[in-house]
Amino acid sequence: MPEIKYHPVHDDIKGEQFDVFIAGSGPIGATYARLLVDRGYSVCMVDIGDVHDGHHPGAHLKNEIRFQKDIDAFVRVIQGALSTVSIPTSSMVLPTLDPAAYHVPPKGGKDGDAIITHGRNPKQELFDNLGAEAVTRCVGGMSTHWTCATPELIKGVERPQIFPSSDTNDKEEWEKLYKAAKYLIGTSDTQFNESIRHKIVFDALTNSKDFKGRGVKALPLACRRIGDGPYVRWHSAENIYGKDFFVKTPANGKGIFRLLHSTRCTKLYEKGGEIQLVEVRSLIKAMDKKNEEDSDFAIKARVYVIAAGAVATPQILANSEFGGLRRQETAGTKNVLIPSLGKYITEQPMAFCQIVLRQVDQVDKSEDGKDKDANGNVVVRPPWWTKAVADHQKAFPNDPIKMRVIGSPYQDPEPQVNIPVSKEFPWHAQIHRDAFSYGEAGPLVDARLVVDLRFFGMQHGVPENRIIFEDYRDTYGMPQATFHYLPTPDRAKQASDMMEDMMKAAHVLGGYLPGSNPQFMTPGLALHLGGSIRLGHEGEKSETVADYNSRVWNTKNLYVAGNGTIPTAFAGNPTLTSICFAIRSASAIHDYLKSPGHVNVPGPYLPTASAEKYRTPQEFKVRETVQDPTIKATTDEWLKWVKDDDPHVTLRDLSDSVFA
């Protein structure tokens, strides 16, 4: 193993160590960076992916004008951004192949023994795979193409308990955290209020006997409408970083921030419960084979946060020999740092269909000029509705769609309706129109008539459902992840009930779009994997990874973050809740760095200096117990940045100049 030296980024802080190292640049990593840099701490962040938009790192790609005008075109962007985690090997036996073409002789004369292995996972079985589970490798992560849905997890059904001994304290903590998280990402439930389709779908479900009393509401979304027009600015990690974050020289009172893109977080080195060093690889430098040995570097920090996603975070920890490797379990290795790494994963079974809105009669005009429905009742429309219809009909008098249900505007905003989780109906429903990696309406149906129904179920964590990591490598040189996941019988029954519920909602709204009939999607497609690095309380150490400050058990300065930390079953999008945990955790890191017992080891850590003394192999002896931190409420002082203003209105100007 070649000698490793410090990364040149240490020159930017005069050869000293960084206060905080963060792996992962999505909304969760961005939360840590923003809060800690604002408190004056130096932060070095790495991401394995590239920067899509150099002017706006981590920006949502759907904000491009072409996708604002054609939402179905964004489907291709999402498909291109996702990389499937675990693909089983497959047969190369092709009966119609030219007999003279190359073929692999079957082993032992058995048909089907010849398989494709490159880029595939020989250990992955088809029956227990999360076949659609995927990752996004770029600055901003999945927030560069997500739906921006930011619901709160429901108490008593989905939401974890930070303070299980006091409902009052737990409620107050979550209220503070959710308020802060919504401020950071810019959640709103009013941006589609002036949408005719939204109002039609909302009213139809609210007035239906099957959904009356189910709490039908607007889907909370991280976005802002641009003026009074049809276009929306979708939020992402860019919004959390905020304006003027990526600067060489920070403003007074703020810490230095450096982002290294196309840089793999490879391995952490631990001794006595303290992370000594992180090893990273410059993937750009490693592209040239002659530089490969010189592409690995060390970064020294006081605190290490791994926020690389529900798959990549345990993958980095497994590569550090902290647990989660099949080899360790096969050999019966004792005293690994994180024995429950990758276990108790949770997943969301998902049902999907698309409908074409139901045919209704046109509005009849009475003698006094008032609109009336088919029963002769006067239809009262708000001013924005009647104006939108009148303006559209004036501009497009030959538009064939003139149903009163639509009102016809070509640029009427999409419906964004939510039926939240409840104990009686433990699934989260989104009735809307958006781009996913599937569900493209196509050119044969007017897109104004198409509505998507996506229902997300729940699966609680059990030890048999897990990610385990192999010795052979994935395409990025990290241990290959293998899934072992099957729904438990009770949750499988719930998924069946959920499908029936979705079909009832579809029947209220219209008829199925051919090709998009009710169907269960491939496991993993929700992309909301949880539990792989789950949090727990003191009595749950044997089945969890970290405490409710997100600090890994028996370590002093290692923190995990992201959707994988959520220990409970959940059906809604978990991003807002993961931001909440990051806010709490950043506060705990602040307390740790300010504590009198913490010693800052001075440098220099210069690029010319060797880091080998910190590069010690993982030890599997009896471990000394590291004292657990106190789990306390987040202080109002830590959340003093939460204001009554709206920072997302002015985050990005609408300039068309490249040099602005």
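Two rings of Phe, Tyr or Trp (for Trp, its six-membered ring) count as an aromatic pair if their centres lie within 6.5 Å; planes under 30 degrees apart are called stacked, those over 60 edge-to-face, and the rest tilted. The structure above is a predicted model, in which local features need pLDDT of at least 70, side-chain atom pairs count only at pLDDT 80 or more, and totals for chains, interfaces and linings use all residues. Residues are numbered from 1 along each chain as its sequence is written, and side-chain values use heavy atoms, with hydrogens and water left out.

## Aromatic pairs

With that rule in hand, how many aromatic pairs does a search of the whole structure find? The search finds 16 aromatic pairs. One of them joins Phe-67 and Phe-74, edge-to-face, at 5.0 Å centre to centre and with 65° between the planes. Both of these residues, Phe-67 and Phe-74, are buried; here buried means under 20% relative accessible area, exposed means over 50%, and partly exposed is in between (1.4 Å probe, protein chains only).

The rings of Tyr-241 and Phe-257 have centres 6.2 Å apart and planes at 45°, so this pair is tilted. It links distant parts of the chain, with Tyr-241 in helix H6 (residues 237-241) and Phe-257 in strand S12 (residues 257-260), 16 residues apart. Helices (H or I, at least four residues) and strands (E, at least two) are DSSP runs, numbered from the N terminus. Tyr-241 counts as buried at 2% relative accessibility, and Phe-257 counts as buried at 5%. Elsewhere, Trp-174, Tyr-178, Tyr-548 and Phe-581 form one aromatic cluster.

## Salt bridges

Now to the charged side chains. A salt bridge here is a side-chain nitrogen of Lys or Arg within 4 Å of a carboxyl oxygen of Asp or Glu. The count by this rule comes to 35 salt bridges. Here are some of them, with the N to O distance.

| Asp-646 | Arg-224 | 2.7 Å |

Let's start with the salt bridge of Asp-646 and Arg-224. Asp-646 lies in the segment after helix H12 (575-594) and Arg-224 in strand S10 (residues 221-225), so the pair ties together parts that are 422 residues apart in sequence. Is Arg-224 buried or exposed? Arg-224 counts as buried, at 14% relative accessibility, whereas Asp-646 is partly exposed, with a relative accessible area of 30%.

Asp-399 is buried, as is Arg-448, the latter at 4% relative accessibility.

## Where helix H1 meets H12

The axes of helix H1 (residues 27-38) and H12 come within 9 Å and cross at roughly 35°. These axes are lines fitted to C-alpha atoms, for helices over the stretch in contact, and angles run from 0 to 180 degrees between N-to-C directions. On the H1 side, the residues that meet H12 are Pro-27, Ile-28, Thr-31, Tyr-32, Leu-35 and Leu-36. Their partners in H12 include Thr-575, Ile-579, Ala-582, Ile-583 and His-590, where contact means heavy atoms within 4.5 Å. The residues of this contact divide into 10 nonpolar, 5 polar and no charged. For this tally, Ala, Val, Leu, Ile, Met, Phe, Trp, Tyr, Cys and Pro count as nonpolar, Asp, Glu, Lys and Arg as charged, and the others, Gly among them, as polar.

## Loop residues to look at

Most residues other than glycine have a negative phi. Asp-244, not a glycine, has a positive phi of about 60°; it is found in the loop between H6 and S12 and counts as exposed at 65% relative accessibility. Tyr-344 also has a positive phi, near 65°. Tyr-344 is found in the loop between helix H9 (326-331) and strand S17 (350-357), and is buried, with a relative accessible area of 14%.
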